[in-house]
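Please keep the sequence and the model in view while reading.

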Amino acid sequence: MISRNDTEAISAFLDGQLSPREQAQLEARLRREPALRAELETLDRTRSLLKAAPHHRAPRNFTLTPEMAGIPERSPGFLFGLPRLAFTLTTIMFLVALVGNFTFQGLGGSQPEETTAFSVEGDPAMVPLEEAAPAGESAADSGPMEDPGTERIQPTEEVEMESVESGENPDEIQALAPPTEESLSIAEETGPVEDPAGGGGPEPTLETDATVEETLETAAADAAETEPLPAGADEDFPTEAPERINPWSIFTVLTGAAALLSGALTLAMRRR
Amino acid sequence: MMDEPTLISQARKGDLTAFNRLVLVYQDYAYNVAYRVMGEHAAAEDAVQDGMIKAYKNLSKFRGGSFKSWLLRIVTNTCYDELRRRKRRPTTPLEPLTDDDEVMENPRWLADPSETPEEFAVRSELGRAIQDCLNGLSDEFRTVVVLVDIQGMDYAEAADVAGTPLGTIKSRLARARSGLRDCLQGFGELLPLSFRYETDG
C-alpha cells in the first residue's frame, strides 16, 4: 500500500525537488519495493500525458482600449487646435502668394528698364548744328568735316562735365575747351578779343556772351543731372538698372515656410 | 524593441501602448491557463480580458520580480472568482456541441492548420480526456497541476502564481497527479495508443 507521503515523495522525485539525502533514500526504496516502482511509473506517465496536452492559443488579442482601461478620451484642446489653424491659414496665404507671384511676373513687373546715359531729344542744348550755325559759313572754317546734325558739342560737354564734377570754373572751361563751330562763327563776327585792361578795340557784345554763357550753363546743368556712370562701365553703351525686388516672391517663401512648420507641428502633436 | 522592464516602467506611468505590448507577449500563456482552469473557451476569454484590465489598473502594486507570475496570478484569481460565483449560481456552458450533444473539446476554429487530420484527432481525444479529468479536480488542485505539468512552471514559480507556500504546492501537485492518473486510466482504450497506461498481465 502506497501512502500519501510516498506519492508526494515520488512526485517530488520526478520534478527533482528532493534533497540529496531524501533522493538517496527513495532510490534505495525503489530498488527494494516494486509497488513503489509501479507508482513511480504511473505518475510519470500521467506527467507525460499532461505535458502532451494541446496548448490553446489566444483566439483573439486581449489588448486594452482606452475605454477598457478607464482612460478618458482626450479632447484636442486649444494647444492642438492652434497649430492646425495656423497650418490652414498659412496654406491659404501661400496659395494667394503664388497667384500674386504669377500675376506680378505676368505683368512684367520685374523687367529691368534700359536707360541711356545721355538724353538727346528735346534737350535745348543739343541743337543741331545746321540750325545753330549762321548761313554762309564756309566749310573750311568750320573745322573737321562732320555730318550735318552731328552733335559737335558733345565732346565739349564731356570735357565740361568732367570739369564741373572736379569743381573747375566754367569760364575757364570755355577757354580750355576746343572751339566749336558756333563759337568760331561768333568769333569771326565779333573779331579778335582785346584785353579789357588794355582798352581799345571793340568789346564782345552782351548778346554774344549771353549766348555762350547760356550754352555753358545748360551743359553744366545737364552734366549735374546726368547719373554718374558705374565704375568700369563704358560711357558709350547703355547700362541696365538694378532689377526690382518682387515682394510676392518673398511673401511666397515666407508663407510656404510657415505652412510647412505648422503642418509638421500639427503632425507631431497628433502622434502624441 | 523595448525590453520588459522598460515596458513595465512605461506602463506604470500610464502608457497603454506599452502595457498592450506586454499583453501580446503573455496572452497565449494566460489564455491556456484560464482555459484549463475554467474548462471552457468563452469563460476563459472573459477571465483573461478581465484579468488584463485588473492588471493595468493595479500596475502600481507590482513590486518587481516576475511580471509573468504576477500577471498569471491575477488571471488565476479572476478564474477563481468566476468559479466561486458559478458554484453559487450554476450556469450552462455555451460551448459548441457535437452531433452527440457533447461539448466540443477543440472547436474547429482553434485547430492548428499545420497538423494532419489524424494528429488533430489524437490531440482532440487526448485534450478532451485531460480536460474532463481536470474538471473533476478541486479548483486549487487543478490550478497547481495546470501550472506545473501543463505550463511547465517550477515549484517556486507555481507557488508565486498560486499565492501558496512551496510545501503546499508539493502536496497539492502529488494529489492532483494521483487523481488524474486514476481518471485517465478509466478512459482506457479511449486514449490514443501511445498514451495508454500499460497494465501488467
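Ala58(A) lies in the loop that joins α3 (34–51) to α4 (66–69) of chain A; helices here are DSSP runs of H or I with at least four residues, strands are runs of E with at least two, and both are numbered from the N terminus. Ala58(A) counts as buried because it has 20 C-beta neighbours inside 10 Å. The term buried requires 20 or more other C-beta atoms within 10 Å of the residue's own, with 12 or fewer making a residue exposed, values in between making it partly exposed, and C-beta atoms placed from the backbone. Apart from neighbours within four places in sequence, Ala58(A) is in contact with Gln27(B), Asp28(B) and Tyr31(B), where contact means that the C-beta atoms, placed from the backbone, lie within 7 Å.

The model is predicted; local features need pLDDT of at least 70 and side-chain atom pairs count only at pLDDT 80 or more, whereas totals for chains, interfaces and linings use all residues. Residues are numbered from 1 along each chain as its sequence is written, and chains are lettered from A and ligands numbered from 1 in the order in which they are written. The model scores ipTM 0.82 and pTM 0.56.

The interface as a whole brings 39 residues of chain B into contact with 31 residues of chain A. On the chain B side, α2, α3, α5 (117–135), α6 and α8 each give two or more residues, and α2(B) gives the most, with 10 residues. This side of chain B divides into 22 nonpolar, nine polar and eight charged residues; Ala, Val, Leu, Ile, Met, Phe, Trp, Tyr, Cys and Pro count as nonpolar, Asp, Glu, Lys and Arg as charged, and the others, Gly among them, as polar.

Chain B itself has eight helices and zero strands. Of its 201 residues, 34% are buried. Among contacts in chain B with a separation of 6 or more, 61% join residues 24 or more positions apart.

Within chain B, helix α2 (residues 16–38) also packs against other helices. Its axis comes within 8 Å of that of α3 (residues 41–57) of chain B, and the two cross at roughly 140°; axes are lines fitted to C-alpha atoms, for helices over the stretch in contact, and angles run from 0 to 180 degrees between N-to-C directions. That angle makes α2(B) oblique to α3(B). The contact includes Phe19(B), Val23(B) and Gln27(B) of α2(B), together with His41(B), Ala43(B) and Ala44(B) of α3(B). Its residues comprise 13 nonpolar, three polar and no charged.

The axes of α2(B) and α4(B) come within 10 Å and cross at roughly 35°. Among the residues making this contact are Leu22(B) and Tyr26(B) of α2(B) and Phe67(B) and Leu71(B) of α4(B). The contact divides into 12 nonpolar, one polar and two charged residues.

Helix α7 (residues 155–162) of chain B has Ala158(B), Ala159(B), Asp160(B), Val161(B) and Ala162(B) as its buried residues. Their cover includes α4 (67–88), α6 (139–150) and α8 (166–187) of chain B. Gly163(B), with a positive phi near 70°, follows α7(B).

Confidence remains to be considered. Chain B has a mean pLDDT of 85, and 81% of its residues reach 70 or more, pLDDT being the predictor's confidence in each residue, from 0 to 100. Over residues 103–110 of chain B, pLDDT stays under 50. Where pLDDT is low, the predicted coordinates should not be read in detail.

How values were computed
Parallel < 35°, antiparallel > 145°, perpendicular 65-115°, else oblique. Contact = placed C-beta atoms within 7 Å.
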